[in-house]
Amino acid sequence: MLTELAERWDELGPLLFDGTYATLYMVGWSTLFTALFGLPLGVLLYATERGRLLPAPWLRAVLGAIVNIGRSVPFIVLMVAVLTFTRFITGTTIGPTAAIVPLTLGAIPFYARLVETSLREVGRDVIEAAEAMGAGRGTIVAKVLLPEALPGLIAGLTVTVVALVSYSAMAGAIGGGGLGDVAIRFGYQRFDELVLLLCVVLLVVVVQLLQSLGDLAARRLSHR
Amino acid sequence: MDPYLPPVARHVREREPLIDVQNLTKVYDLGRGRTVQALDGVDLHVPQGQVFGILGRSGAGKSTLLRCVNLLERPTSGSVRVDGQDMTALRGAALRRARRGIGMIHQHFALLSSRTVAGNVAFPLEVMGTPRAQRARRVAELLDVVGLGDRGGSYPAQLSGGQKQRVGIARALAAGPKVLLSDEATSALDPETTGSILDLLRRLNRELGLTVLLITHEMGVIKRVCDSAAVMHDGRFLESGPLPELLAAPDSRLADALFPLPTVDLPGVVTLSYAERATEPVLSALTREFDVDVNILAGTVETVAGAPYGRLKVQLTGERTAEALEYLRARGLAVRTAGDPLAADGAEPTGEGA
C-alpha cells in the first residue's frame, strides 16, 4: 500500500493537501464564529433562568425553543435551507467560504447549550459571595462566571470543534471541499480504497490533535 | 493597626446599634398557594464592636436573617439598618455600594478557584475600582493580617480548609467593612481549626473594632467568641441579649444548650445557675441556717465571656426548703425548680459541635 501511495503521490498529494486545508479552513472560521455568538447565547440561556442573574422566563423560553429547533434540524437540510442567508452573508452559495455559514449556524445552538451547562457548574455560593461584595451583573459574568467556567467552556468548544469536523464532511454537498468530500467523491464513488483510507486516517489525526489540544488547554486552566 | 479599616467610629450616634433589625419577616412563596415563613418578626440589635452569635438548628431561619442584613434576600416586611443606613430602601448601584461596607464569610469559603489567593483578596478591590498598585499593597497587608503572607501565589485548591477560610476573611476585610457577617464559617472545619479561626475573628474584633454577626449551630462557637447571643427557632428569637444575662436567667434555653445537665427525676430537684461568684459557701449556709440537706447531683463550671459561669442540679430536702430557695434568689442565683420546667416545645438547639 505504501508503494502504491509513493507511486500515486503526485496525484494524491495535492488532493489530500487541499482537502485537509479546506477542512481546517471551514472548521477554523466556523469555530471562531461559533464561539463569538454561542458564548453570549449560552450566557443568556443561563442568566435568564429563574433564580439566576437576570430572571426572564419568557425570554428564556423563546431562546430555548430557537436553540432546540436549531439543534434538531439535520445539518444537510440546514445547509440547503439557509442558502439565501448564506448568499446574503458571503455573496456565494458554493465553496468552503459559503460552507462556513451553515456550519456556524448549526454549531451555535450546540455550543450555547454546552456553555449553559458549564456555567451551571459554577457554585451559587461563589456568585452570591460576589454579590455580597457589591459586584454588579456585568462584573459577575466577566470576573466570576466566565473565568470559573473557563475549563468547561474550553472542553465544550473542543467537543464542538470535533462535531464541526464531521459536519464539514457534508459541506461537499455545496462544493465546500474538505477531507470528507474527497473521501466520498474520490474514494467511495470511484472505488478508490486508498484515498478513502487516507482521508479517514487524516480525519482521525485532525480530530486527535484538536481533542488533545483542547484537553491540554482545559487542564492547564483548571485550578480546582 | 490597619489604616483602611475605619477607627472605632466616634461619629456613630452612641445609642444606635450598628446593625438594627426591626420586626423582620420573610415569607417564601413556594407556588400553588403554599408559603413558608422563614422569619417571623425578628428584632436584632448589634452594638458597635460586638460579636453577636445566633444559635439555631438548620431551618431555624438563621441563614435567611443573615442574608437579609446585606439584602442578598429582600425581607417581606420590617426594617434593616446597618450603620444608620436603611438597607431595604436601597436598590441597584446604591445597594451595591452599601454592601461593600459589609464583609461576609461563608461556610464553604466561596473562593474563586480560577484565581490565586492574592487574586481572591483583590477581587472586592477590583469591584471598587482601586488602582492596581494600591490593590497589591492592600492585598499583601491583608494576607499578613490573616497569617498567609507567603501564600499569595497559591490557588485555593492547594490550601487546607482553615487556610481557605483565612483567605475568605482577608477578602471580606479588603473593602474596609465595619461589619462582618459569618455564615457558619467554621462548620466545615475540624475543631482545632475552628478554634484558630474563631480566635482570629476575636482578634479582628478587638484590634479593628470590627462588629461581627455570626450564625452557627455549634454551641462552642457561642461560648468561645460571642459577647451577645440569640437562640433562634422557627423564624423567631426565643431569647436574645448579652451572654452573661442570658445565662443568668433561670429559664435560659441557652444555658440548657450550652451546659446541659442530666435529667434527674427525684423530688425536690432544683437547677441553680450563677455567674461571677462561687456557690459553695452559699450552699453550706443553706445547711446551717435553714436546716436543709443539699445533695449535689450534677454540675458544671466554665468560663464564658471571660467570667466564670456554673450550673448545679441539687436536691434540697427539709422543712424550710422554700425559705432556702428564697435565700438563694436573694443572693443573685438563678433558681429553677422541677415544678416550672421550660416550655416543652423541643425548641432547644442541638447539642452537637465543639
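Predicted model: local features only at pLDDT ≥ 70, side-chain atom pairs only at ≥ 80, totals over all residues.
Chain A is built from 10 helices and 0 strands, and its order along the sequence is accordingly written as α-α-α-α-α-α-α-α-α-α. The C-alpha trace of chain A extends over about 70 × 40 × 25 Å along its principal axes. Of the 224 residues in chain A, 45% are buried, and the accessible surface of the chain amounts to about 11500 Å², with 69% of that area belonging to carbon and sulfur atoms. When contacts in chain A with a separation of 6 or more are considered, 74% of them are accounted for by residues 24 or more positions apart.

The UniProt record, in an unreviewed entry, assigns the annotation "domain: ABC transmembrane type-1" to residues 20-211 of chain A. In the model this span is 80% helix and 0% strand, and its end C-alpha atoms lie 17 Å apart. UniProt also lists, again from an unreviewed entry, residues 20-46, 58-82, 88-112, 153-174 and 194-218 of chain A under "transmembrane region". Two of these listed segments may be described individually. Residues 58-82 of chain A are 88% helix and 0% strand, with 27 Å between the end C-alpha atoms, while residues 194-218 of chain A are 100% helix and 0% strand, with 36 Å between the end C-alpha atoms.

The packing of two helices can be described by the angle between their axes together with the distance between those axes. For helix 2 (residues 9-47) and helix 10 (residues 193-221) of chain A, the axes come within 11 Å and cross at roughly 35°, and the crossing of helix 2 of chain A past helix 10 of chain A is right-handed. On the side of helix 2 of chain A, the contact is formed by Leu12(A), Leu16(A), Thr20(A) and Leu24(A), and on the side of helix 10 of chain A by Leu194(A), Val195(A), Leu198(A), Cys199(A), Leu202(A) and Val206(A). By class, the residues of this contact comprise 9 nonpolar and 1 polar, with no charged residue among them.

Helix 2 of chain A also contains Thr34(A), a residue that counts as buried because its relative accessibility is 0%. Apart from neighbours within four places in sequence, the residues in contact with Thr34(A) are Leu39(A), Thr104(A), Ala107(A), Ile108(A), Tyr111(A), Thr160(A) and Leu164(A). Elsewhere in chain A, helix 7 (residues 124-132) has Val126(A), Ile127(A), Glu128(A), Ala129(A), Ala130(A) and Ala132(A) as buried residues. Gly134(A) follows helix 7 of chain A and has a positive phi, near 90°.

Chain B contains 11 helices and 14 strands. Buried residues represent 53% of the 354 residues in chain B, and the accessible surface of chain B is about 15600 Å², of which 47% belongs to carbon and sulfur atoms. Among contacts in chain B between residues at least 6 apart in sequence, those joining residues at least 24 apart make up 72%.

Most residues other than glycine have a negative phi. Leu71(B), although not a glycine, has a positive phi of about 60°, and is placed in the loop between helix 1 (62-69) and strand 4 (77-82) of chain B. The relative accessible area of Leu71(B) is 4%, and this residue is therefore classed as buried. Asp234(B), likewise a residue other than glycine, has a positive phi near 55°, and is found in the loop between strand 9 (228-233) and strand 10 (236-242) of chain B. The relative accessibility of Asp234(B) is 54%, so this residue counts as exposed.

How values were computed
Residues numbered from 1 in each chain as written. Chains lettered and ligands numbered in written order. Heavy atoms only, no water. UniProt positions renumbered as here; feature names shortened; annotations may be inferred. Helix = DSSP H or I, 4+ residues; strand = E, 2+ residues; numbered from the N terminus. Axes fitted to C-alpha atoms, helices over the stretch in contact; angles between N-to-C directions. Left-handed = near helix turned anticlockwise from the far one by under 90°. Contact = heavy atoms within 4.5 Å. Nonpolar A, V, L, I, M, F, W, Y, C, P; charged D, E, K, R; others polar. Buried < 20%, exposed > 50% of the residue type's maximum accessible area, 1.4 Å probe, protein only. Areas by Shrake-Rupley, 256 points an atom, 1.4 Å probe, with all protein chains shown as cover.
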